[in-house]
Amino acid sequence: MGLFMKTKNIKTFKIITLFPDMFEPVFGQSMIWKAQKNNLIKIEIIDLRRFGMGVRKRVDDTPYGGGDGMLLMCEPIFNAVKSAKKGLKNAKVIITTPKGETWQQKSAKTFSQNDENYIILCGHYEGFDERIMSIVDYNFSLGNFVLTGGEIPAMAFVDSISRLIPGVLGGENSAQIESFANSENLLEYPQYTRPEIYKNLPVPEVLLSGNHAAIAKWREANFTEKQK
Ligand SMILES: C[S@@+](CC[C@H](N)C(=O)[O-])C[C@H]1O[C@@H](n2cnc3c(N)ncnc32)[C@H](O)[C@@H]1O
């Protein structure tokens, strides 16, 4: 093997937040925890307060022109991003914002397959000083509603990307045959488990037949279009 053999990128997420304690209960569980343990992904939580200004470690200020609430200031964010980029190859900055493009399965798929690593900015209060956009590569929204902070969207982005990385899910086919996998609007067929009848509600007979061709045909026919 040559001296300059290319090492595989372990998809890395660095999340910049004012509320670092929110993440452990989510990322310290289940498949995302296991994916980190198995070195399939890396997640680092960065406390924005560390980059705050002055003795009080200030990160926010009132908006020019007046109005309610506080905005996250440029300097702490610029410094936190600069620090997060150190040693991180192919680093891209994602900002969580209701003004962004709505996150979809196709975005999760693209982001799981490329060799980019992500620094995710979680806003809070009234959001960000607009000049922060100058260091951002992607703007994403979780949907047309407003949350108090970007932590829940950041968790959703990391989870939906990570579960599509080979080895993270148990069944390798499960991410290929599921809602939105092959089309933005196509939802997975209904699924059932034991018992065969529950409160007079039976499992469709074909699923008990053992006839794999018939089951595949039934499933194919029972993908549905998502209602707008
Ligand atoms: C209260 S919101 C700010 C809303 C902003 N003033 C506006 O009207 O667009 C605070 C932060 O939560 C996050 N956030 C709220 N809703 C979001 C959504 N739908 N998608 C992604 N991030 C969201 C963003 O990081 C945002 O900066």
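Numbering starts at 1 along each chain as its sequence is written. In this predicted model, local features need pLDDT of at least 70, side-chain atom pairs count only at pLDDT 80 or more, and totals for chains, interfaces and linings use all residues, while side-chain values use heavy atoms, with hydrogens and water left out.

**Domains**

The chain is split into domain 1 (11–162) and domain 2 (186–225). These bounds come from an automatic or database domain assignment. The C-alpha centres of domain 1 and domain 2 are 40 Å apart.

**Salt bridges**

Five salt bridges turn up in a search of the whole structure. The term means a side-chain nitrogen of Lys or Arg within 4 Å of a carboxyl oxygen of Asp or Glu. Among them are the pairs tabulated here.

| Lys or Arg | Asp or Glu | N to O distance |
|---|---|---|
| K106 | E184 | 3.0 Å |
| R131 | D129 | 2.7 Å |
| R163 | E178 | 2.8 Å |

Take K106 and E184, which form a salt bridge. This pair links distant parts of the chain, 78 residues apart. K106 belongs to helix 4 (residues 105–113). E184 sits in the loop between helix 5 (151–162) and strand 8 (186–187). Helices (H or I, at least four residues) and strands (E, at least two) are DSSP runs, numbered from the N terminus. K106 is partly exposed, at 44% relative accessible area. E184 is also classed as partly exposed, at 42%. The classes are buried (under 20% relative accessible area), exposed (over 50%) and partly exposed (in between), using a 1.4 Å probe and protein chains only.

E178 and R163 form another salt bridge. E178 and R163 both lie in the loop between helix 5 and strand 8, so the pair ties together parts that are 15 residues apart in sequence. E178 is buried, with 13% relative accessibility. R163 is partly exposed, with 24%.

Where does D129 lie? D129 is in the loop between strand 6 (117–121) and strand 7 (138–141). Its relative accessible area is 16%, so D129 counts as buried. R131, its salt-bridge partner, is exposed at 51%. Leaving aside neighbours within four places in sequence, D129 is in contact (heavy atoms within 4.5 Å) with L71, L72 and C74.

**Ligand surroundings**

There are 21 residues around the ligand. T96, E126, L142, F145 and L147 come nearest.

A backbone N or O atom of T96 is 2.7 Å from a ligand oxygen. For T97, a backbone N or O atom is 3.3 Å from a ligand nitrogen. For G143, the distance from a backbone N or O atom to a ligand nitrogen is 3.1 Å. The ligand on its own has 580 Å² of accessible area, and the protein covers 85% of that. Accessible areas come from the Shrake-Rupley method with a 1.4 Å probe; for residues, only the protein chains shown count as cover.

**I16**

I16 is placed in strand 1 (residues 11–17). Is I16 buried or exposed? I16 is buried, with 2% relative accessibility. Not counting residues up to four places away in sequence, I16 touches I46, L48, A80, V81, A84, I119, I120, L121 and C122. The C-alpha atoms of I16 and E44 are 8.7 Å apart, with the two residues 28 residues apart along the chain.

Methods: A residue is near a molecule or strand if one of its heavy atoms lies within 4 Å of it. A polar contact is a pair of N or O atoms within 3.5 Å; within protein, one must be able to donate a hydrogen and the other to accept it, and residues adjacent in sequence count only if both atoms are side-chain atoms.
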